[in-house]
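Hi,

Here is the model I promised to pass on.

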Amino acid sequence: MGIAQKVFDRNPEPNTALWNSMIKGHAENGFYEKVIVLFSEMKSMGFSLPNCFTFPIVLKSCLKFNALREGEEVHCVVIKSGFIGNPFVGTTLIEMYSGWRDIGASYRVFSEMVDKNVVAWTSIINGLILCHDLVKARCLFDLAPERDIVLWNTMVSGYIGMGDMVEARKLFDQMPKRDVMSWNTILQGYAINGDVKACERLFEEMPERNVFSWNGLIGGYAKNECFLEVLDAFKRMLVDGNVIPNDATLVTALSACARLGALDLGKWVHVYAENNGYKGNVYVGNALIDLYAKCGQIKNAVDVFKSMDKKDLISWNTIIGGLAMHGRGADALDLFCQMKNGRVIPDGITFISVLCACTHLGLVEEGISYFQSMVDDYSIEPQIEHYGCMVDLLARAGLLQQALDFVKKMPMEADAVIWAALLGACRVYKNVEFAEVALEQLIKLEPKNPANFVMLANIYGDLGRWKDVARLKVAMRDTGYKKVPGCSLVEVNDQVVEFYSLDERHPETKELYGALRGLTKLLRSCGYKPDLQELGQGG
């Protein structure tokens, strides 16, 4: 745009077409403030007058730059210039005011329009939907003299946004003509509202599917934490072969692999992405960093990060968080310095990772300094997660009194995660007094969670206070709940198998337990003796 601006500036009397080209160019490159400045210069120079192509671009820029006063001024110029009757300009005015949730101004513009085409009707109905007034939106929808497929989809989306899938499906079934986008809209609706079964049924009914249809199904599974189904649908999509996955598909598949620990399949997706033109894609790159970090392959995560030509804030946050999670706090803090030197502004998520890195390294003073810097240098208001990191930092360093004082000074009530962190540190330092305080709070927050009793029972056990252990076991039994058994996942032949302790659901259970007994004998022969004391207390 710099060269274009220089060429433009050499023209002493640019015509309207040239002004429009410059205004459009700046808008397309996101320089919305410059668009408003150019429009002001265009008016003041007086050589050329804005036309019906100028106003929509400027009005949209005012909305995107949140320039309310300037938008109203442009509206006045529209009226004075005689373009208020232009459907294109009028529709953009409706969209601008609707974007600011000024539905009154939007409706006045709509009412004053002489030629109300279907686009104008769609804009005002969408504005009412944005303002959560579905009753008036539906009233106008029923009054619309013409309804194209976009207007139908808009009204269906309105019901979906309000969580009314019954009315959305009812309207969908009434549509005289449905395209693939219509099917995708209702599919996404079921996914967003958590009805996975309805989402699956609709997907099977679809007469035609595109990449957004597959992404709707796969994304629906991911949103509802059905990660095994995500991978099954992704594999089915590849086998089907009619639709090629895009970056959104690959990111969702990689995220599911990360959540399930399906490293081998994740590596296959990595190769697939590189062979299909997504090597430099920042979204895929971020998902790969997350995959390798969560699957214990932090070196691979670092390699992916270093290979990325373009990095966004999520890239930095993911790799810093991954390094901190793997105990490589020094490397995490070093990358944080590189991030700041590269003029990338950190956010609240960045500081969570930085504080975690300080926790792993035991850098109490540095952690306190980073916490203060977050507030003073970046104007980030600490959230409960940041306070939780600070409590964990102090508690792990053995500063239990300071940790408790910090909790008391927090501007919000501490949650169960914070009290559990304090309780965990109490076990390391065998501090019964603070552990009992933490448990008292945990019982209030999670009265039905027996794991909290187990933690304190273990502390009593370490100190040989068996009467207190017995008392806690009775209290835990009286809650009526048992400790939820841990769930493990293992990847075998590109399939993820889920199992619990003493699980007998697998068809090869007999062979699995036979192998386990053999491994146990081998360990015992090498001198391994399991410590069953803690297991007995937790049972």
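What radius of gyration does the chain have, and what would a compact globule of 539 residues have? The chain has 30 Å, whereas the globule would be near 24 Å (taken over C-alpha atoms, with the globule rule being 2.2 Å times the number of residues to the power 0.38).

Before the rest, some housekeeping: this is a predicted model, where local features need pLDDT of at least 70 and side-chain atom pairs count only at pLDDT 80 or more, while totals for chains, interfaces and linings use all residues. Residues are numbered from 1 along each chain as its sequence is written, and side-chain values use heavy atoms, leaving out hydrogens and water.

Along the principal axes, the C-alpha atoms fill a box of roughly 90 × 55 × 50 Å. The chain has 31 helices and 2 strands (DSSP runs numbered from the N terminus: H or I of at least four residues, E of at least two). Of its 539 residues, 44% count as buried (under 20% relative accessible area, 1.4 Å probe, protein chains only).

On the α9 side, L134, A137, R138 and F141 meet L151, W152, M155, G158 and Y159 of α10 (heavy atoms within 4.5 Å).

Cheers

How values were computed: Buried < 20%, exposed > 50% of the residue type's maximum accessible area, 1.4 Å probe, protein only.
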